[in-house]
Amino acid sequence: MNPHLVFWVPVAIRMAAMAVGGGVLWWMFGMVPALVVSLLALATIVFVQLRYLSQLSFWMDDPQSGRLPDGWGEWTTVFSRLYRMRRDDEKNQKELTEWLARFRQAMHLLPDGVVIMDDVLFLEWCNPAAEAHLGLRHDRDKGMRVTNLIRSPEFMDYIILGRYDQPLTLTFRERKLIVHIIPFENRRQILVTHDVTETERNEMMRRDFIANASHELRTPLTVIVGFLEIALSEELDPATRLAHLKLMMEQGQRMQHLIEDMLTLSRLESVDHPLRSERVDVKKLLDRVLSDARALSAGKHTISLEVNGPDISGSPDELHSAFGNLASNAVRYTPAGGEIRLKWQRSSRGAQFVVEDTGIGISPEHISRLTERFYRVDKSRSRETQGTGLGLAIVKHVLLRHGGNLSITSEAGKGSSFTVSLPGA
Ligand code: ADP
C-alpha cells in the first residue's frame, strides 16, 4: 500500500473522531466545556508528540546506547522504520568489517607486494610482501613519499617517465622485482611488486648448465671427429690406427659417463621421481663400494673399510651412487702409494660415512663450491681421471633427498676428509 496513505489515513480518522467527540460534547454540555475538553485533548497530544521528539533526539545522539520506545500512533511507524534502518545498518557494517578482514588476510598471504599510494606517491598502505620486497614498514612509513623510501635511480627514472603501461624490472636489496604501477579510483595508485629472484637464478643455472654440458660434450667429440678425419684422409699403419681407436674409445667413454651422470642428476631432481625408501644393508652396500674403489685403484692405493654403524633407510641405488662417487674421488685425487679409509660409524643424528684420503687435498677457497655442477679445482686432472665434474653434485642431491648433509675438511697437499651424515632408520 502507498506509504503516504498508511501514514495519513489513521491521522485523518483520529482527527475526525476528535471533531465528532468535540461536536457531541458541544451538543450535550454546551460550547465552553466542549472547548475546554478539546483544548486539554490537544495539549495532551502536543505533549506526547514533544516527548517522543525529545526521545528521538536523545536516541539520535547515540543510537547504539538505548532503545527507542514503542511509540504511539504515527510514532509507531516512524520508530519501527528507524529500528529497521538501524538493524540493516548494523548488518551492513558487520558484513563490511568481515569483508575487510578477509581482504586484509588475503593481502597478507599474497606473495606479491601491494602498495597503495595517493596521486602524488604518498604511501597509504602496504602488505607484508611489499614490506619485505621494498624494505618498507607500514606503521613507520605511512604518509611518506614512496620515492624517498625506494631509493633507486631506476625507480626514479620510471616515475619521472611515467610510462606505467610497461613494467619496470628493478634490482633492489639483492632482489630482482617486476614492478607495475596501476592508477585506480581518481586520486590513487597501486604499486605491485613480483619477486623473480628465484626464477632468474634458476634460469641462469639452466643456461650455465646447458653451456657447460655442451662444452663438456664438444671436447671429446672434437677429438673423435679429428681422428675420424685423419682415418678418412690418410692410410694409417696398424699401430697408429690402434692408438687412435683407443683414444677415440676413451673419449667415447668420457661422453658416456657424462651423459650417465647428467641423467642421474636429472632423475634426482625430478619431482616425478620420489625417493623409494627401504631398509639398507649398509655392510653389503659398502663392500660393493670397496671393491669398485679397489678395481679403480688397480692396486695403487691401500684402501680399508670399517663398518661399525647401524643400518639406515633410504634408496640403496642412490646411496651406492653417492658413496661410490666419494670413494672414487678419493682414489682419483690420491697419488699412487696413498691411503684411503672408508668408515661407517654411529653418530648423534644416526650414522656417518667418512672417506679419508692422503691425496692432493683442496685449498679452502674451493671447498664451498665443490658441489656445484661442473666445478673442478683442476680441470685437466679431473679429465685425466675420467671426471665429469658432476660427482659431488650427485652426492649433494642424494643427501638432500635422504635428509642428510655433507661436510668437507681438507688441506692442500695433505689429504681430505668427506663426511656424510644421515638420519637413523
Ligand atoms: P670430478 O668428476 O671432476 O671429480 P666431482 O664433482 O666429483 O667432479 O668433484 C669436484 C671437484 O672436487 C673435483 O674436480 C676435484 O677438484 C675436487 N675433489 C673432489 N674430491 C676430492 C678429493 N678427495 N681430493 C681432492 N679433490 C677432490
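Predicted model: local features only at pLDDT ≥ 70, side-chain atom pairs only at ≥ 80, totals over all residues.
Residues are numbered from 1 along each chain as its sequence is written, and side-chain values use heavy atoms, with hydrogens and water left out.

I then turned to Asp 357, where a side-chain N or O atom lies 2.9 Å from a nitrogen atom of the ligand, and to Gly 389, where a polar backbone atom is 2.8 Å from a ligand oxygen. Taken alone the ligand exposes 530 Å², and the protein buries 98% of that (accessible area by the Shrake-Rupley method with a 1.4 Å probe).

**Core**

I looked next at the largest nonpolar core, which has 44 residues (buried Ala, Val, Leu, Ile, Met, Phe, Trp, Tyr and Cys joined through side-chain atoms within 4.5 Å, where buried means under 20% relative accessible area). Phe 323, Trp 344 and Phe 353 have the most contacts inside this core, and its largest share, 7 residues, comes from α11.

**Leu 35**

Last, I checked Leu 35, which I placed in helix α2 (helices are DSSP runs of H or I, at least four residues, numbered from the N terminus). Leu 35 has a relative accessible area of 47%, so I recorded this residue as partly exposed, the class between under 20% and over 50%.

Methods. Helix = DSSP H or I, 4+ residues; strand = E, 2+ residues; numbered from the N terminus. Buried < 20%, exposed > 50% of the residue type's maximum accessible area, 1.4 Å probe, protein only. Polar contact = N/O pair within 3.5 Å; in protein donor to acceptor, adjacent residues only side chain to side chain.
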